[in-house]
Amino acid sequence: MISRGSTVLAAAILAGSSVLLVRPATAAPQQEKQPVAEGYGGAVATVDLDASRAALGVLRRGGNAIDAAVAGAATLGVTEPYSAGLAGGGYIVYYDARHGRVHTIDGRETAPRAMRSSSLEGVPFDDAVTSGLSAGVPGSVAQWELALRRFGTLSLGQALRPAIEVASRGFTVDQTFHDQTASNAARFKDFTSTARLYLPGGAPPAVGSTFRNPELAETYRQLGRRGGSWLYGGRLGAEIVATVKRPPVTPGSTRTVRPGLMELSDLAAYRAVERRPTKVTYKGMDVYGMAPSSSGGSTVGEALNILQALPGVGAHEYLEASKLAFADRGKYVGDIPGVPLGQLLSEGFAKERACLIGERAIPAPAAPGDPDGSYGACRAVPQESAKPIPAEGPETTHLVVADRWGNVVAYNITIESTGGNGIVVPGRGFLLNNELTDFTFGPAPGDPNLPGPGKRPRSSMAPTIVLRNGEPLLAVGSPGGSTIITTVLQILVNRWDFGMTLPQALAAPRATQRNTAQTQAEQGFIDRYGPELTARGHSLVLNPEIGAATGLEFLGGGRVQVVAEPVRRGGGSALVVSGRR
Ligand code: DON
């Protein structure tokens, strides 16, 4: 158990069959990443020590949670460039302490105006990933500007300063960065700009070496001076469009690299959007999430509602609720008008879905329900024919920040695949995203997630903030494509139904059921639950690593516990402003 406020051994985390010993960090400067910290005056967790330090520095200098989140995200663009970057997108869920309100900002990439529902038909998925065609109009810079203008205290230029410093002075290459570069090397070498930046001397940078990105430092510097219009219609935007239309393919490369449809006018038309958060009440707590264009809030929310309608919650119920919520996500949720969000998140609909859950696993894929407002007797659920679902890795990233005023940020950022579309904008030091591969490629009549002009591909990102009695209690989120939804759901269930602490809830072995015949699970989960679940008709298949979350919890009296992933993906970094009140 956590021995609060102590620097000695503090948490014994049950992670599968092994026990991890974690010391909560105090505010003393850290040389190494530590996954748990407790204290006062502000807190941050990211996957990366440099990014956490950047955000913490902003908090220490009097910035608020939004300022720190933008600084942290921009720094992740330097040190985690294969997951995050200024040419990507993301979602911010923000608790504004002064007004006691939760806001969200959708900074999701959009499809160019020329994109049609058939534009991705017949394109092999892997070809689409490494192409100009999959690059969406970047959302992050517009999102940063909107977040800072609405809720921050810093200018964009000020918020970018820590990232500029890290890009200029460099950071130490760790195993994760090295391995992610190595696994991308075959496609990075096919683009002159990417090979020059990330394969210096023809190979991934060595673990322990210092990696500098002076071109990105200069891009950030100019962005700070010129503002987002430099990208959204200006010179930087023109260079992005040129790269998308004529990717800098290495002479002699045999790769088919499809050009994209993006025009400067698409960049000029881009807007980050404030949206009403999704909200469900679970065990008396208000759980706020991201509304469409993400399916994160609606799917986590529906699954929680279903669980709440059941007499008890165990591993079987967790998987079944997730299965049914994913069936409904597939049919009803996308960046389209008229998503029946109110009904999907209604108690009546949840009860109707929950009554399908019995002793035996529902055959999957299960058919979606009918969120029509008229709910009653239990309707049988036909099985549907299986559709392939793409493999999901732990790409993307999530950070949490709380400040001394009690503002809280949960922020998911991505460029989609590890390494995005693999194409660095020449001379600018950043990769483009391949977010448009999140669309359904089709043909798929009636699918809410087909591509369309200006449309945002449906996301699974699920930054989540929980309030109790109107006060912030917890924030959590994760990478992992559509497993983000199940990871966030499982952490909440671990915390509130299985009685774990937040560090235990993040570390515990995971399973992900997304309306597929087999449930992917980590080995520790299979060891713990395999026999009982198999006996009830579940089929578990190994997925070695699911998600890499960050979260925080208010412990009372202003004390915050902030938690990063302890092991997966190399682990993360949790920091607090002060160990003492
Ligand atoms: O928005 C989404 O759901 C994905 N583009 C996030 C990407 C991600 O987590 C990568 N995972 N496989």
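Colleague: Which backbone oxygen lies 3.5 Å from a polar atom of the Lys-33 side chain?
Modeller: That of Gly-570. The backbone oxygen of Val-47 lies 3.4 Å from a polar side-chain atom of Lys-33 as well. Bear in mind that this is a predicted model, where local features need pLDDT of at least 70, side-chain atom pairs count only at pLDDT 80 or more, and totals for chains, interfaces and linings use all residues. Side-chain values use heavy atoms, without hydrogens and water, and residues are numbered from 1 along each chain as its sequence is written.

Colleague: What else is Lys-33 in contact with?
Modeller: Leaving aside neighbours within four places in sequence, its contacts (heavy atoms within 4.5 Å) include Asp-48, Asp-174 and Ser-573.

Colleague: Where is Lys-33 placed?
Modeller: In the loop between strand 2 (18-22) and strand 3 (36-46); strands here are DSSP runs of E, at least two residues, numbered from the N terminus.

Colleague: Switching to strand 19: buried or exposed?
Modeller: Six of the six residues, 559-564, are buried, so strand 19 is largely enclosed by the rest of the structure. Buried means under 20% relative accessible area, exposed over 50%, partly exposed in between, with a 1.4 Å probe and protein chains only.

Colleague: Which residues sit on each side of strand 19?
Modeller: Arg-559, Gln-561 and Val-563 are on one side, and Val-560, Val-562 and Ala-564 on the other.

Colleague: How many bridges join strand 3 to strand 19?
Modeller: Four, and the two run antiparallel. Ala-37 has Val-562 as its bridge partner in strand 19.

Technical notes
Polar contact = N/O pair within 3.5 Å; in protein donor to acceptor, adjacent residues only side chain to side chain. Pairing = 2+ DSSP bridges.
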